[in-house]
Amino acid sequence: MTLATIALAQVRKVSISYDGVPGYDSALGQVLEWSSQMEGPRIRSSEEPPDGLRLRWYGASGFELGDNKTTILIDPFVSRPPVSNPLAPLIIDTIAVDELILKPMGNRKADAILVSHAHADHVMDVPLVISRSTTADHRPLLVGDPNTVTLVESYHLSVETRLLEFDDGVVHYLIGQFGDFTVEAVRSLHPQYDFLPWRGPRGKIEGHPPFTGFDYLSYRDIAIAYIISYRGLKFVFCDGAVLQNLQAIGRADLLVLGIPVRENNTIAEALATLRPSFFIPTHYDDFFVPFHEMDQFDVTIDLTVFLPGENEKEITLLDFSRFGEFFEEFPGYIRKARSKLPTESQSFLDPRLRILKPLTYYSLESLILK
Ligand SMILES: [Zn+2]
């Protein structure tokens with residue numbers, strides 16, 4: 001196969017069927033995909049970026065949030081390499097990054113790239129995105145923990161960084177203003193995998209690319225939650241269902257939360273403190289399947305990994321998103337959250353569950369005037 005044929009095979013239009021997927025398929029019950037809702041502010045979806053405030057999900061925990069002037073990327077990741085051997089180097093899929101992240105942005109360049117933690121599914125595509133977003137008169141700001149910064153700098157990129165160390169009990173940083181967006185960061189925690197006393201590989205990132213799956217390490221098990229305010233609207237993005245330091249976050253309009261591995265979670269506590277109008281679950285798609293192979297949206301994440309080291313063993317993580325069950329659980333989280341509030345304010349807590357299609361723009365302009 002020539003290089004041209006490979007490229008052609010990869011960039012063929014990503015068209016994904018949602019048949020048989022709870023929340024997307026009316027044959028299975030309520031459709032919660034955001035742009036198909038009649039109730040509440042009208043949210044339109046489109047393949048092309050709409051005018052004004054827009055949100056686009058890359059699958060996993062990745063997002064583009066922006067408007068006509070400013071673009072912020074959160075954990076941009078579309079390479080989605082199958083991880084059968086964590087000791088094999090992970091290769092950035094340059095075609096996927098160009099076609100699925102950069103091309104839809106047109107002439108716009110990322111102004112800030114926010115990384116929650118340095119596991120591969122959050123950070124591996126960031127060096128390429130930065131190199132493609134840097135020009136003579138534009139340099140995006142990379143925001144992340146020491147591992148994220150070390151990893152990106154090992155690619156010898158000219159990058160401006162905001163390093164978040166969370167030393168001395170610091171839990172909250174003001175990052176800055178990007179156009180009409182204000183960005184803050186709050187210390188949160190990487191969730192623990194269900195059935196395993198493990199929060200994923202952690203340690204100090206060292207060495208040079210290419211990195212293997214086990215070279216991508218979390219920094220002290222921290223996952224950073226990002227709080228982004230825009231014209232009176234407040235978004236909270238967090239990788240996992242164990243959001244921490246809720247008081248430092250305060251009230252929010254949209255809570256965007258990773259929901260796999262939630263045997264222990266703080267969803268009800270987060271709902272009670274943040275009191276969001278919308279709850280958007282993420283990170284439930286099978287991100288070990290590249291988009292160009294994904295004809296059918298797959299929400300069953302299972303993975304067998306070989307753990308190196310002294311106690312070499314294979315472990316199997318079974319369907320750790322349990323996406324279908326989440327719809328049944330959600331009313332219970334609301335009930336539990338309400339029970340934490342004074343009686344008179346309980347009925348004001350009424351978060352709507354909404355889900356997104358990956359690689360699709362959602363126009364959020366209608367949310368601004370509340
Ligand atoms: Zn992840």
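1. Two strands are taken to pair if DSSP finds at least two bridges between them, where strands (E, at least two residues) and helices (H or I, at least four) are DSSP runs numbered from the N terminus. On that basis strand β5 (residues 112-114) is joined to β6 by three bridges, the two running parallel, and within this pair alanine 112 stands opposite leucine 141 of β6.

2. Please keep in mind that this is a predicted model, in which local features need pLDDT of at least 70 and side-chain atom pairs count only at pLDDT 80 or more, whereas totals for chains, interfaces and linings use all residues. Residues are numbered from 1 along each chain as its sequence is written.

3. The strands β5 and β6 belong to an open sheet of eight strands with mixed pairing, in the order β1-β17-β2-β3-β4-β5-β6-β7. Because β1 (44-46) and β7 stand at the edges with a single partner strand each, one side of each is left without a neighbour in the sheet.

4. Helix α5 (residues 146-153) lies across β6 and β7 and runs at about 140° to β6, with angles taken from 0 to 180 degrees between N-to-C directions and axes fitted as lines to C-alpha atoms, for helices over the stretch in contact. Its buried residues are Asn147, Thr148, Val149, Leu151 and Val152, a residue being buried if 20 or more other C-beta atoms, placed from the backbone, lie within 10 Å of its own. These buried residues of α5 pack against α3 (120-123), α4 (126-133), β6 (141-144) and β7 (160-163), contact being counted when C-beta atoms, placed from the backbone, lie within 7 Å.

5. Helix α2 (residues 94-102) packs with α4 at an angle of about 60°, their axes lying 11 Å apart. That angle makes α2 oblique to α4, since angles under 35 degrees count as roughly parallel, over 145 as roughly antiparallel, 65 to 115 as roughly perpendicular and the rest as oblique. In this contact Thr94, Val97, Ile101 and Leu102 of α2 meet Leu128, Val129 and Arg132 of α4.

6. Strand β8 (residues 172-178) pairs with β9 in the antiparallel sense over six bridges, and leucine 174 stands opposite glutamate 184 of β9. The two strands β8 and β9 form a hairpin with two residues between them, and glycine 179 in the turn has a positive phi of about 60°.

7. Strand β9 (residues 181-189) is mostly covered, seven of its nine residues being buried. Nine bridges join β9 to strand β10 (residues 222-230) in an antiparallel run, where threonine 182 has serine 229 of β10 as its bridge partner.

Note on methods:
A residue is buried if 20 or more other C-beta atoms lie within 10 Å of its own, exposed if 12 or fewer, and partly exposed in between; C-beta atoms are placed from the backbone. Two residues are in contact if their C-beta atoms, placed from the backbone, lie within 7 Å.
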